[in-house]
Amino acid sequence: MKKLAFTLLAIATMAVTLPAMAEVKIGVISVQEIVSQSKMAQKADADLRKKGEAFQEEFSKKEKPLVERRNSLVEKRSVMDEEKFKKAEEELLADIRAFQTEMGKKKQELDKSVAEKRSSVFNAIQGVIDEYAKANGYDLVLRDTSAVYATDAEIITAPIIAEVNKKLK
């Protein structure tokens with residue numbers, strides 16, 4: 001008797017919840033595609049690339065004289081007296097450490113800038129996705145990497161890209 005009551009209760013619960021589940025509107029997006037086709041993200045990537053290239057150029061420009069000094073010191077070692085060599089070597093090592101410290105700080109600043117820029121882009125895109133989903137009656141929007149199955153009608157990447165490019169420049 002308890003089994004029958006439990007079975008009837010389970011069937012009644014399913015009968016009530018299944019129609020409600022059928023009304024859920026789900027959209028699927030490709031975040032990678034949205035980011036790669038977003039003008040805002042492309043501009044951010046170009047800006048970050050320029051910063052990275054500028055960093056690399058500065059690094060190379062400051063590293064070159066240190067390498068030349070080291071090579072010169074190595075070549076002159078056999079003709080220099082030991083004390084003079086050690087002093088020149090210590091000065092070079094101090095300059096190398098200062099260079100490494102300076103470049104390390106600049107690399108951290110660059111990394112922080114990259115993280116902030118990417119976070120800003122993703123937050124802006126997320127805002128557009130939220131607006132689009134609400135305006136078009138979507139109850140849930142999933143990334144295509146987490147959706148096991150979705151019909152073509154549920155994939156909303158293209159209209160999201162259009163909205164992102166219209167609203168975010």
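**Close-up 1. Salt bridge between E58 and K106 in the predicted model.** E58 is partly exposed, with a relative accessible area of 24%, in a model that is predicted. The side chain of E58 meets that of K106 in a salt bridge, with a distance of 2.5 Å from N to O. Because E58 belongs to helix α3 (residues 39-76) and K106 to helix α4, this pair ties together parts that are 48 residues apart in sequence. In the structure as a whole, 11 salt bridges are found.

**Close-up 2. Salt bridge between R69 and D95.** In this view the side chains of D95 and R69 meet in a salt bridge, again described from N to O, at 2.5 Å. D95 lies in helix α4 and R69 in helix α3, so that the pair ties together parts separated by 26 residues in sequence. D95 counts as partly exposed at 33% relative accessibility, and R69 is likewise partly exposed, with a relative accessible area of 36%.

**Close-up 3. Salt bridge between E131 and K167.** Here the salt bridge is formed by the side chains of E131 and K167, with an N to O distance of 2.7 Å. E131 is in helix α4, whereas K167 is in helix α5 (residues 157-167), and the pair therefore ties together parts that are 36 residues apart in sequence. For E131 the relative accessible area is 43%, which places this residue in the partly exposed class; K167 also counts as partly exposed, at 43% relative accessibility.

Close-up 4. A search of the whole structure finds 3 aromatic pairs. In one of them, the rings of F55 and F59 have their centres 6.3 Å apart and their planes at 35°, so this pair is classed as tilted. Both residues belong to helix α3, where F55 and F59, being 4 residues apart, are separated by about one helical turn. F55 counts as buried, because its relative accessibility of 14% falls under the 20% limit for that class, whereas F59, at 23% relative accessibility, counts as partly exposed. F59 also forms an aromatic pair with F99, which is tilted as well, with 5.1 Å from centre to centre and 45° between the planes. Since F59 lies in helix α3 and F99 in helix α4, this pair ties together parts that are 40 residues apart in sequence. F99 is buried, with a relative accessible area of 10%. Taken as a group, F55, F59 and F99 form one aromatic cluster.

**Close-up 5. Patch of negative charge around E83.** On the surface, D81, E82, E83, E89, E90 and E91 gather in a patch of negative charge. One of these residues, E83, lies in helix α4, which covers residues 82-135. E83 counts as exposed at 69% relative accessibility, because the exposed class takes in residues over 50% relative accessible area.

Note on methods:
Residues numbered from 1 in each chain as written. Predicted model: local features only at pLDDT ≥ 70, side-chain atom pairs only at ≥ 80, totals over all residues. Heavy atoms only, no water. Patch = residues over 30% accessible without salt bridge, like charges linked within 9 Å, V, L, I, M, F, W, Y side chains within 5 Å. Areas by Shrake-Rupley, 256 points an atom, 1.4 Å probe, with all protein chains shown as cover. Salt bridge = Lys/Arg side-chain N within 4 Å of Asp/Glu carboxyl O. Lys, Arg positive; Asp, Glu negative; His and termini not counted. Charge placed at Lys NZ, Arg CZ, Asp CG, Glu CD. Helix = DSSP H or I, 4+ residues; strand = E, 2+ residues; numbered from the N terminus. Buried < 20%, exposed > 50% of the residue type's maximum accessible area, 1.4 Å probe, protein only. Phe/Tyr/Trp six-rings, centres within 6.5 Å; stacked < 30°, edge-to-face > 60°.
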